[in-house]
Amino acid sequence: MKRIWLLVAIWTMSLGPVAAAQNYGSARPEWTTAIEPFRITDNIYYVGSKDLAAYLIVTSAGDILINSNLVSSPPQILASIRKLGMKPSDVKILLISHAHFDHDAGSAELKRAAGAKYMVMDADVAVVESGGGKDFAYPGDRYPAAKVDRVLHDGDEVNLGGVVLTAHKTAGHTRGCTTWTLKSPVNGTPRDVVIAGSWNVNDGFRLVDRPGKRASYPGIAQGYEHTFAVLRALKCDVFLGAHGSYFNMLEKLDKAKAGAGEAAWIDPDGYKAAVEERQRAFETEWKRQRDAAGATGSSH
Ligand SMILES: [Zn+2]
């Protein structure tokens with residue numbers, strides 16, 4: 001009996017690295033825990049879960065939804081939209097932060113439920129249209145494929161009812177990772193909003209070519225370098241992101257409820273500090289991988 005368990009243990013351990021390279025992991029509790037939807041600015045509402053962010057931007061010509069989250073998330077997102085007194089059928093445009101299953105797996109269902117047009121950054125289109133199958137890191141994380149109605153390119157604008165969102169390609173984390181910016185009024189005063197796509201180098205991402213092991217995709221490290229240059233140059237008053245944890249959402253929500261209101265979300269210093277901290281983390285990891293690759297590897 002003991003020997004069988006030992007064999008099972010060895011077999012499981014041998015699967016470990018393979019599993020890590022194929023799957024991002026199952027949903028974490030804070031990704032699926034619902035929270036009350038709330039208003040962030042005069043026209044941006046939070047309709048995500050405790051950590052997986054989804055934003056509803058309300059305009060005079062209908063609404064824009066950013067992120068469809070997990071395959072199980074659409075009922076939660078739709079319930080949050082209804083709780084705010086909005087109609088899912090008013091969602092005209094669906095956008096994402098990037099093509100990973102925790103931000104885009106619900107897209108096919110939300111497109112169907114709302115009848116929204118799906119607009120995705122060029123380099124993430126193949127991933128969303130293959131239901132995750134063409135992802136460079138997690139081709140095993142499959143979800144319903146969703147047809148893209150408009151292919152976006154770096155710097156493109158998405159317009160609805162006078163609200164203009166700009167799509168900044170901030171690649172690295174995925175090839176088409178997108179940071180969204182827009183002007184949105186906070187208590188009537190126009191403010192610069194940044195919704196960071198992602199800046200993380202996940203476990204298993206290869207930033208350099210090594211003999212017999214190419215980088216995760218050609219130019220990934222340069223993608224991150226460009227991303228941090230772009231993020232540093234953005235003007236940010238209201239700091240948001242694909243995960244609540246990027247911008248201390250729960251802490252700020254407590255402050256908003258305790259009386260600060262919409263002003264709780266204005267955090268230019270927090271944005272700058274987060275970008276700098278994530279850039280240092282990327283540079284440290286890049287150096288570590290270059291050093292490990294040694295003289296035989298190449299960084300460019
Ligand atoms: Zn991701």
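Buried residues, meaning those with 20 or more other C-beta atoms within 10 Å of their own C-beta atom as placed from the backbone, make up 43% of the 300 residues in the protein. The structure is a predicted model, in which local features need pLDDT of at least 70 and side-chain atom pairs count only at pLDDT 80 or more, whereas totals for chains, interfaces and linings use all residues. Residues are numbered from 1 along each chain as its sequence is written. Among contacts between residues at least 6 apart in sequence, 66% join residues at least 24 apart, a contact being a pair of residues whose C-beta atoms, placed from the backbone, lie within 7 Å.

The secondary structure comes to nine helices and 12 strands, taken as DSSP runs numbered from the N terminus, with at least four residues of H or I for a helix and at least two of E for a strand. Seven strands form an open sheet in the order β1-β2-β3-β4-β5-β6-β7, with mixed pairing, where two strands pair if DSSP finds at least two bridges between them. The edge strands, each of which pairs on one side only, are β1 (38–39) and β7 (150–152). Within the protein, strand β5 (residues 91–95) and strand β6 (residues 117–121) run parallel and are joined by two bridges, and Ile93 stands opposite Lys117 in β6.

Helix α7 (residues 220–233) packs with helix α9 (residues 268–293) at an angle of about 165°, their axes being 10 Å apart; these axes are lines fitted to C-alpha atoms over the stretch in contact, and angles run from 0 to 180 degrees between N-to-C directions. The two helices α7 and α9 are therefore roughly antiparallel to each other, a term that applies to angles over 145 degrees. From α7, Ala221, Tyr224, Phe228, Leu231 and Arg232 meet Val275, Gln279, Phe282 and Trp286 of α9. The residues of this contact divide into seven nonpolar, one polar and one charged, where Ala, Val, Leu, Ile, Met, Phe, Trp, Tyr, Cys and Pro count as nonpolar, Asp, Glu, Lys and Arg as charged, and the others, Gly among them, as polar.

Most residues other than glycine have a negative phi. Asn67, in the loop between β4 (62–66) and α3 (74–83), has a positive phi near 85°, and Asn67 is buried, with 26 other C-beta atoms within 10 Å. Asn187, in the loop between β10 (178–186) and β11 (189–196), has a positive phi near 50°, but Asn187 is exposed (12 or fewer such atoms), with 11 other C-beta atoms within 10 Å.

Conventions:
Angles under 35 degrees count as roughly parallel, over 145 as roughly antiparallel, 65 to 115 as roughly perpendicular and the rest as oblique. Two residues are in contact if their C-beta atoms, placed from the backbone, lie within 7 Å.
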